[in-house]
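Colleague: I would like to go through the terms used for this model and see what each one rests on. Please set every value against its cut-off.

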Amino acid sequence: MWRDARLIAAKDLRVEWVSRVLTTQVVPFGLLVLILFGFGISPDLQTFEPGEATSKVAVLEQVAPGLFWLAVLFSALLAIGRSFAIEAVDGNLDALRLAGLDPAGIFLGKAGAVLVELLLLEVVLGFGSFVLYGAPLDNAVLLVTVVVSATVGIASAGTLYAALAAGLRVRDTLVPLLLLPVLAPVLLGASLATEAALFGPASDGWPWLAALGAFAVLYLGAGILAFGSLLEDS
Amino acid sequence: MTTTGVKGSSEHHDAGNDRSAHTGTRGSRTLGIVTLVSVAVLLLFALVVSPPEATQGDAARLFYIHVPSAIVCLYLAFSITLVGSIMYLWKGTIGWDLIAGSAAEVGVLFLFFTLVTGMLWGKPTWGTYWQWDPRLTSTAVSFVLYLGYLAVRRLDMDPVLRSRRAAVLGIVSFANLIIVRYSVQWWRSLHQGPTLDPLDMQISGVMLFTWVFGVFTMLLVFSWLLLHRFRVAWLEHQLAEAGIDVAIRERRNEAGGDAALGGAI
C-alpha cells in the first residue's frame with residue numbers, strides 16, 4: 001500500500017512539475033482571490049479591537065485568517081479537480097487498476113500529491129496574506145500544525161469526492177457542490193485556530209487543532225476504505 | 001406511470017403491463033386518509049385548541065410543526081438513507097438503493113420545510129429571519145450536503161455505477177451531518193451572546209399533547225410520502241429496464257427486416 005502510494009504521488013508530482021499548471025495557474029488564481037477580497041472588504045474599513053473600546057484596527061486584518069482559508073479552499077478545488085482530470089483521459093484509472101495497484105495506495109498517493117501541492121500553495125498564499133492584510137504572528141508552532149492538519153483533511157476529503165465524480169461530464173460543477181459543505185467544518189476550525197495562532201492566545205487554538213486532526217484521520221480512513229468500491233467498474 | 005418510455009411499441013403485449021399500475025394500494029390509501037385526518041386534527045390543536053405560549057405568544061405555535069419535521073428529516077430520513085446505502089453496498093439489491101434515494105429526497109423536502117419554518121419563527125423572536133444560530137446554520141449546510149447527494153443520484157451515467165457512488169456518498173454524508181452539526185454548535189458556543197432561544201420554553205398539558213401529536217403526524221406524512229416515492233422509483237427502475245429490452249427488440253426487428261430485404265435483393 002505505501003509503496004503504491006509513493007509511486008502514485010511521485011507520478012502526480014512529476015506530471016505537475018512538467019506541466020506547471022499549479023505554479024502558472026492555481027497559485028496566481030489564489031493570489032488574485034486574496035486581492036479581490038481586499039476589493040470586496042474595503043481596506044479602509046475599521047473596527048474596534050475585540051475587548052477594547054478605544055483602539056481601532058482594520059477589518060481586513062481581523063478577518064485575514066478566514067480570507068486566507070477561503071482562498072485556499074477555492075484554489076484547492078482547482079488543484080483537486082486537476083488531480084483527477086489527468087486520470088480521466090485515455091482510461092488512465094482503468095490502467096492504474098490493471099497495473100495491480102492497491103486502491104488504498106492509489107488514494108493515499110493522490111491525496112499525498114495534492115497535500116504537497118496545497119502546502120506549497122499555502123506557503124505562497126500565507127506570505128501573500130501577510131503582505132496584503134498585515135496580521136501579526138503570535139505562535140508559529142500552532143500555525144504550522146494547524147496548516148498541516150487542515151490541509152491533510154482538505155486533501156483526503158477532496159480526493160475522495162473527486163474520485164466520486166471522476167470521469168463525469170458534470171465533474172467541474174459537481175465537485176464544488178459536494179465538497180464545500182463537507183469542508184465547511186474545516187474552514188471553521190482552521191480559521192479559528194489560525195486566528196488564535198496569529199492574535200493569541202494560543203490556548204484557544206489547540207482544541208480546534210485536535211478537531212482538525214480528527215477530521216483528517218476520519219477522511220483518510222474513509223478514503224482508504226471506500227476507494228476500492230469507487231474505482232471498481234469506473 | 002404509464003408506458004411513455006416504450007411509445008411506438010403498442011404491438012408488444014408486455015408494453016401494456018404497466019398501464020394499470022399506480023402507486024396506491026388499499027393499505028397506502030388507508031394510510032393516506034389517516035395522514036390527512038391527522039394533519040387536520042393537528043392544525044385544529046395547534047391553531048385553535050392549544051393556548052398561546054406565555055412569552056412568545058402565537059409565534060410559538062410553529063413549534064408544533066417545526067420541531068417534528070426537524071426530527072423526522074434529521075434523525076429518521078437520513079438514517080434510512082444511511083442504512084439503505086450500507087445494505088446496497090453489502091447486498092447489491094436495487095431495492096435498498098431506491099429506499100436510500102427516496103428517503104433522502106423526502107428528507108430534503110422536510111429539511112427545507114424545517115429551514116423555512118425556522119426562519120419564519122426567527123422573525124418574531126429574534127427580529128430577523130436569519131441569525132447565526134447553531135441549529136439553523138448547521139441545518140442550512142446539511143441541506144446543501146444532501147442536495148449534493150440528490151445531484152449524484154440524477155447523474156447521467158451507468159445506473160449500477162451511479163448507485164454504488166450514491167451509496168458511498170449516502171454513508172459519508174451521514175458522518176458529515178454529525179460533523180457539521182457539532183462543529184457549528186461549538187463555533188457558535190464561543191461567540192454566543194444572550195440570544196433568546198425560541199425552543200427554550202416550558203410546555204405541558206394540551207401543548208405537550210399537541211407537540212407529541214405533531215411528531216406522530218409528521219411521521220405519518222413522511223411514511224406516506226416515502227412509500228409513494230419508493231414505488232415511483234421502483235416503477236421508474238422497471239421502466240428503464242423494460243425500455244432497454246424493448247429498444248433491443250426493436251433493433252433486432254429492424255436488423256431482421258434489413259437482413260430479409262438484403263436476402264431478397
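Modeller: Start with the terms for helix packing: axes are lines fitted to C-alpha atoms, for helices over the stretch in contact, and angles run from 0 to 180 degrees between N-to-C directions. Helices (H or I, at least four residues) and strands (E, at least two) are DSSP runs, numbered from the N terminus. This is a predicted model, in which local features need pLDDT of at least 70, side-chain atom pairs count only at pLDDT 80 or more, and totals for chains, interfaces and linings use all residues. Residues are numbered from 1 along each chain as its sequence is written, and chains are lettered from A and ligands numbered from 1 in the order in which they are written.

Colleague: Why are H3(B) and H4(B) called roughly antiparallel?

Modeller: Helix H3 (residues 94–126) of chain B and helix H4 (residues 134–153) of chain B pack at an angle of about 150°, with axes 10 Å apart. Angles under 35 degrees count as roughly parallel, over 145 as roughly antiparallel, 65 to 115 as roughly perpendicular and the rest as oblique. H3(B) and H4(B) are therefore roughly antiparallel to each other. Their crossing is left-handed (the near helix is turned anticlockwise from the far one by less than a right angle; clockwise would be right-handed).

Colleague: What makes up the contact of H3(B) with H4(B), by class?

Modeller: It has 12 nonpolar, 6 polar and 2 charged residues. Ala, Val, Leu, Ile, Met, Phe, Trp, Tyr, Cys and Pro count as nonpolar, Asp, Glu, Lys and Arg as charged, and the others, Gly among them, as polar. Two residues are in contact if their C-beta atoms, placed from the backbone, lie within 7 Å. Among the residues involved are Gly101(B), Glu105(B) and Leu111(B) of H3(B), and Phe143(B), Leu147(B) and Arg153(B) of H4(B).

Colleague: How do you know whether Arg229(B) is buried or exposed?

Modeller: A residue is buried if 20 or more other C-beta atoms lie within 10 Å of its own, exposed if 12 or fewer, and partly exposed in between, with C-beta atoms placed from the backbone. Arg229(B) has 20 C-beta neighbours inside 10 Å, so it counts as buried. Arg229(B) lies in helix H6 (residues 205–264) of chain B. Leaving aside residues up to four places away in sequence, Arg229(B) touches Ser102(B), Glu105(B) and Val106(B). Its C-alpha atom is 8.6 Å from that of Thr23(B), 206 residues apart along the chain.

Colleague: And what makes Arg20(A) exposed?

Modeller: Arg20(A) has 9 other C-beta atoms within 10 Å, and is therefore exposed. Arg20(A) sits in the loop between helix H1 (2–19) and helix H2 (21–40) of chain A. Its phi is near 60°, a positive value in a residue other than glycine. Most residues other than glycine have a negative phi.

Colleague: How do you know how compact chain A is?

Modeller: The radius of gyration is taken over C-alpha atoms, and the globule rule is 2.2 Å times the number of residues to the power 0.38. For the 234 residues of chain A the rule gives 17 Å and the model has 19 Å, which is close, so chain A is as compact as a globular protein of that length. Chain A has 9 helices and 2 strands, and 47% of its residues count as buried.

Colleague: What is the make-up of chain B?

Modeller: Chain B has 6 helices and 0 strands, and 33% of its 265 residues count as buried.

Colleague: Which element gives the most to the side of chain B that touches chain A?

Modeller: H5(B) does, with 11 residues. The contact takes 19 residues from chain B and 20 residues from chain A. The side of chain B that touches chain A has 14 nonpolar, 3 polar and 2 charged residues.
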